[in-house]
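Thank you for coming. I would like to take a few minutes on one model and some of its local features.

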Amino acid sequence: MRSAYSRIAASPAAKTRARRARRQPRRRATSGRIDSEDGGEDTVNADDALVREVFRALDSGAITETSLRFAYAWTALGYVVPGAVASAVGVDVSDASALDDRALMTLAVILLACEGAKAAFTTRTLDRVGANATFRLDAAETARGVAFGILAAVVARGVDYACDALVSHDVMNGAPVSGAASFMTSGDAAVVATTVAASCAVAPFLEELFFRHFLLRTIESKTQSRVIAIVGSSAVFAGAHLSAHDAPSLFACGAVFAAAATSSRTFGVSVVAHGVYNASVLIESSLIYSHSG
């Protein structure tokens with residue numbers, strides 16, 4: 001059976017739009033110049049037009065099935081499998097700070113493998129409905145992603161401090177100290193590198209693939225409202241992390257990632273932003289953990 005993407009791409013209407021996109025140069029509002037007709041930008045525009053058609057054509061059944069499959073992988077590979085595998089190999093995950101470097105390395109590899117499995121499963125799930133993602137980055141988009149990542153870090157920390165000040169009148173309660181700090185402060189460079197790969201590369205890719213590429217685009221295509229899409233996808237993103245304390249800051253940084261995704265034709269910008277944000281959390285957690293020890 002052909003995917004939705006294949007059926008739409010083969011339709012006469014889609015072919016007509018693709019031909020028009022290839023013939024017409026795209027004007028960039030930011031620079032005022034017209035892209036050269038060397039095939040590169042025009043091919044991108046044609047592909048983007050087809051992808052937009054895919055999201056408009058998705059029915060409620062396909063959207064529900066894709067979301068449930070992702071939720072299954074998110075829960076199983078994010079919350080169940082890591083602990084089960086760690087217990088099977090004799091690693092106690094109840095207190096990461098009590099683990100030695102060997103145990104930390106084992107756990108870091110397990111977490112990286114689970115993140116990679118989630119990414120592979122998410123990619124295959126989106127392929128089933130033809131919601132293929134295009135990951136393209138140039139120097140300008142990378143710089144934009146870094147800027148959005150820094151903005152997300154500042155906004156999220158501001159939200160954390162504001163919430164803590166309102167609830168407990170102690171802004172230090174919201175310091176993002178987590179189990180990841182134990183990995184980052186390990187004396188083993190391999191443990192640190194594995195943790196960074198999982199937290200700042202693989203996890204941002206798979207999360208942006210679903211929450212910003214699929215969910216954001218789907219909501220926007222169905223509601224015709226970018227604001228509703230940003231708010232809706234950010235709320236789901238915050239809720240998926242199952243942390244009431246972190247929900248406000250997760251919603252805030254999710255909105256920044258959504259803004260990053262809508263600022264470019266590729267979700268790669270939001271992946272970079274997410275990676276930079278996660279790196280800032282790891283660094284801050286490590287510093288706080290080191291000083292508190």
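Tyr-79, Val-80 and Leu-242 make a nonpolar surface patch of about 330 Å². Patches here consist of residues with over 30% relative accessible area and no salt bridge, with like charges joined within 9 Å and nonpolar side chains (Val, Leu, Ile, Met, Phe, Trp, Tyr) within 5 Å. A salt bridge is a Lys or Arg side-chain nitrogen within 4 Å of a carboxyl oxygen of Asp or Glu, and accessible areas follow the Shrake-Rupley method with a 1.4 Å probe, only the protein chains shown counting as cover for residues.

The model is predicted, so local features need pLDDT of at least 70 and side-chain atom pairs pLDDT 80 or more, whereas totals for chains, interfaces and linings use all residues. Residues are numbered from 1 along each chain as its sequence is written, and side-chain values use heavy atoms, without hydrogens and water.

Leu-242 lies in the loop between α9 and α10 (247–262); helices are DSSP runs of H or I, at least four residues, numbered from the N terminus. Leu-242 is exposed because its relative accessible area is 64%, where exposed means over 50%, buried under 20%, and partly exposed in between. Leu-242 also has a positive phi of about 55°, although it is not a glycine. Most residues other than glycine have a negative phi.

Gln-224, in the loop between α8 (189–223) and α9 (226–240), likewise has a positive phi, near 60°. Gln-224 counts as exposed, at 63% relative accessibility.

Finally, α5 is followed by Gly-130, with a positive phi near 75°. Buried residues of α5 include Ala-103, Leu-104 and Cys-114.

How values were computed:
Helix = DSSP H or I, 4+ residues; strand = E, 2+ residues; numbered from the N terminus. Buried < 20%, exposed > 50% of the residue type's maximum accessible area, 1.4 Å probe, protein only.
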